[in-house]
Amino acid sequence: MIGVAVIGAGQWGPNLIRNFHNKETSEVVWIIDRDAVRLEEVRAHFPDVQVAKDPEQALRDPSVHAVVVATPTSTHYALAKEALERRKHVLVEKPLTTEVKQGLELLELARSQRLTLMVGHVFVYNSAVRKVKEYLDAGHLGNVYYVSMVRTNPGPIRLDVNAAWDLAAHDLSIANYWLNAEPLSVSAIGGTWINQGIEDAVFATLRYPQGVLVNLHASWLNARKARDITIVGERRMLTFDDMNLNEPLRIYDKQATDQRTRRTCVDSFASFRASVPKGDITVPKVPLGEPLGTQCAHFLECIVTGKQPFTGAPEGIAVARAVEAMQRSIRARGREERVEASC
């Protein structure tokens, strides 16, 4: 039984508590949050768990083997470092850190202590995302031309990091996983309307190896919650809509070709709108499951077996490198910036 302390009981924290407090492979020993009202709320749901406003008691408790950090992004580094120094395994919600050098320091600390350090790139544990990976690895779409990714929310608005760190980090982890590569360069612009110096919306284009382009739209100022991805390949195209729980994936048997064909006569607006290149549409069956549950189980497995996490510190650092380059580009008004080689 692995004892877990969850630091941060805000919007995402209760889901982590629920998954780790299974009392089969792990149990939550401590819940830490600075908000006393929030602590009372989680105590009502988990009355058998100790709560505190300061993490010190949990970090010195020998029954705590692992610490889960689900606090604001700007606090990730300090909390993860302290937990590793106390010889606790650590799962940090994305992003790992807001500076590459901090991520490298945590990686070295975890390696020297022989501890598991994992980052919560939860979408990589999504069944549909993994199904897409299978199609790409099998060459089902042919060579990938470009990927378009839209991630928007009507809030929450962050005060410590911009939309690139908060939202685009998810899509970067997916793109790196799908393409089995890291971006070479990025060009990005952002808009700031609510809090000075913090971009509420970010638009970025990244160049990946083999000429693949990845375009990102990340915003927490949007009327609609969207998780839309389109992959355009030389043989087929694929769409992923994470908001469609029953049929998240569609594969379009359509090719981009320079073959010239004679268009038929279209003599009405309705016919014009309905005229699309013909081709089969396949809706793959995707098994249901909770990605967060899969992620949490994998973290526990890594602690027990010593295996390297699927989304470990190197993967978290790769995302941080890309977002750092994205921020440099935003400050330079869209200038294309090189993404440094990862660890």
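**View 1. Helix α7 meets helix α10 through A164, W165, A169, L172, S173 and N176 in α7 and A318, V319, A320, A322, V323, E324, M326 and Q327 in α10.** Contact means heavy atoms within 4.5 Å. The residues of this contact divide into 10 nonpolar, three polar and one charged. Here Ala, Val, Leu, Ile, Met, Phe, Trp, Tyr, Cys and Pro count as nonpolar, Asp, Glu, Lys and Arg as charged, and the others, Gly among them, as polar. This is a predicted model: local features need pLDDT of at least 70, side-chain atom pairs count only at pLDDT 80 or more, and totals for chains, interfaces and linings use all residues. Residues are numbered from 1 along each chain as its sequence is written, and side-chain values use heavy atoms, with hydrogens and water left out.

**View 2. The axes of α7 and α10 cross at roughly 125 degrees.** They come within 9 Å (lines fitted to C-alpha atoms, for helices over the stretch in contact; angles run from 0 to 180 degrees between N-to-C directions). So α7 is oblique to α10 (under 35 degrees is roughly parallel, over 145 roughly antiparallel, 65 to 115 roughly perpendicular, the rest oblique). The crossing of α7 past α10 is right-handed (near helix turned clockwise from the far one by less than a right angle; left-handed if anticlockwise).

**View 3. Nine strands make an open sheet with mixed pairing.** The order is β14-β13-β12-β11-β7-β10-β9-β8-β15. At the edges lie β14 (281-282) and β15 (337-338), each pairing on one side only. Strands pair if DSSP finds at least two bridges between them. Strands (E, at least two residues) and helices (H or I, at least four) are DSSP runs, numbered from the N terminus.

**View 4. Strands β11 (residues 221-233) and β12 (residues 237-241) run antiparallel.** Five bridges join them. D228 has D241 in β12 as its bridge partner.

**View 5. Helix α4 (residues 76-85) packs with helix α5 (residues 100-113) at an angle of about 15 degrees.** Their axes are 10 Å apart. The angle makes α4 roughly parallel to α5. The crossing of α4 past α5 is left-handed. From α4, Y77, A80, K81, L84 and E85 meet Q102, E105, L106, L109, A110 and Q113 of α5. These contact residues divide into six nonpolar, two polar and three charged.
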